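Please look at the structure below before reading on.

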Amino acid sequence: MESLTNYLLERTKHRPLVGVICGSGMGGLADMLEDSESFPYNEIPGFPTSTVAGHKGRLVFGNLKGVPTVCMQGRFHVYEGYSLWKCAMPVRVMKLIGVKTLIVTNAAGGLNPNFKIGDIMLIKDHINFPGFAGDNPLRGRNDERWGPRFPAINNAYDLKLRNLARGIANELGLGNFMREGVYAMVGGPSYETVSELRALRTLGADAVGMSTAHEVIAAKHCGLRVFGLSLITNECVMDYDVQRSANHAEVLDTSNRRKADLEKLITNLVSQITH
């Protein structure tokens, strides 16, 4: 891990305070970084490689509204064949290079019947379903240099940052699209059955996706402050008689349509984060 970190620090003059993980179709935020320096994942020793459409697969350093920032243009998923600790490894790399605040974004299916396609959900909590089966990025021997054996995750998503984001959204005229809710992480890559979706909704989930929870757990374990949001890219099919089905093209299309709004929201949020 330290050799990987040194590889990056020796090749960039930037020392980021904020890290951003860009979800499907949201990688355009990294292109907004000024004075940027980028590193393709396949050129970083020991780094995984992203294989999902809509994920460029680059680590981009630069300044966002004057704030030193690093963006992951593409993340890693268990369904790509990686273990959860490997998927979350870049979060620890961010910690080692100086990041204090992690912003995680994702594309998610809407479970809450009041949510519409294109809504932006501030994540207030998550349900980590892989963890129910004992699969957790902290599984195995604990390294106390990162954090405690049993970290608390009940306040994983920073309340002050959520309130700040809500105020910024209202100033930008995005208030009508803003929601707040619980994100459920499942393994994928197959989309969920009707019964699975109904069960998730019964358990209190407002949106569902295949990422994020493991990254947030790793971030909290090593002392990072976390802000998360989901772009609702499709309405989950929760009726047995409906022939419509979820597909990745719909996810990317919605991301492209809401791209400018998300970029404005996150850019303004980063500019107002204090450390």
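## Helices α2 and α6

The crossing in which α2 passes α6 is right-handed. This is a predicted model. The axes of α2 and helix α6, which spans residues 213-221, come within 8 Å and cross at roughly 50°.

On the α2 side, the contact is made by L84, C87, A88, V91 and R92; on the α6 side, by H214, E215, A218, A219 and H221. Sorted by type, the residues of the contact of α2 with α6 are 6 nonpolar, 2 polar and 2 charged.

## Helices α1 and α2

Helix α2 (residues 84-96) also packs with helix α1 (residues 2-9). Two packed helices are described by the angle between their axes and the distance between the axes. For α1 and α2, the angle is about 60° and the axes are 10 Å apart. That makes α1 oblique to α2. The handedness of the crossing of α1 and α2 is right-handed.

Which residues make this contact? From α1 they are L4, T5 and L8, and from α2 they are M89, V93 and L96. The residues of the contact of α1 with α2 comprise 5 nonpolar, 1 polar and no charged.

## Helices α4 and α7

At what angle do α4 and helix α7 (residues 248-272) pack? The angle is about 125°, and the axes of α4 and α7 are 10 Å apart. α4 and α7 are therefore oblique to each other. Their crossing is right-handed.

Helix α4 contributes L161, L164, A165, I168 and A169 to the contact, and helix α7 contributes L265, N268, L269 and Q272. The contact of α4 with α7 has 7 nonpolar residues, 2 polar and no charged.

Another residue of helix α7 is A260. A260 has a relative accessible area of 43%, so A260 is partly exposed. Between A260 and L229 there are 31 residues of separation in sequence, and the C-alpha to C-alpha distance is 15 Å.

N142 sits in the loop between α3 (129-132) and α4 (159-171). Is N142 buried or exposed? N142 counts as buried because its relative accessibility is 16%, and buried means under 20%.

The side chain of N142 makes a polar contact of 3.1 Å with the side chain of E144. The side chain of H221 is also joined to that of N142 by a polar contact, at 3.1 Å. Leaving out residues up to four places away in sequence, N142 touches G147, P148, R149 and H221. H221 is also one of the α6 residues in the contact with α2.

G81 is in the loop between β4 (67-73) and α2. With a relative accessible area of 67%, G81 is exposed. In sequence, G81 and S211 are 130 residues apart; in space, they are 13 Å apart, C-alpha to C-alpha.

## Backbone details

Most residues other than glycine have a negative phi, and most peptide bonds are trans. The residues below depart from one or the other of these patterns.

D35 is not a glycine, yet D35 has a positive phi of about 55°. D35 belongs to strand β2, which covers residues 34-40. D35 has 46% relative accessibility and so counts as partly exposed. K65 is not a glycine either, and K65 has a positive phi of about 55°. The place of K65 is the loop between β3 (58-64) and β4.

Which residues does a cis peptide bond join? The bond lies between G188 and P189, and omega is about 5°. P189 is found in the loop between β7 (178-185) and α5 (194-202).

Technical notes. Residues numbered from 1 in each chain as written. Predicted model: local features only at pLDDT ≥ 70, side-chain atom pairs only at ≥ 80, totals over all residues. Heavy atoms only, no water. Axes fitted to C-alpha atoms, helices over the stretch in contact; angles between N-to-C directions. Helix = DSSP H or I, 4+ residues; strand = E, 2+ residues; numbered from the N terminus. Parallel < 35°, antiparallel > 145°, perpendicular 65-115°, else oblique. Left-handed = near helix turned anticlockwise from the far one by under 90°. Contact = heavy atoms within 4.5 Å. Nonpolar A, V, L, I, M, F, W, Y, C, P; charged D, E, K, R; others polar. Buried < 20%, exposed > 50% of the residue type's maximum accessible area, 1.4 Å probe, protein only. Polar contact = N/O pair within 3.5 Å; in protein donor to acceptor, adjacent residues only side chain to side chain.
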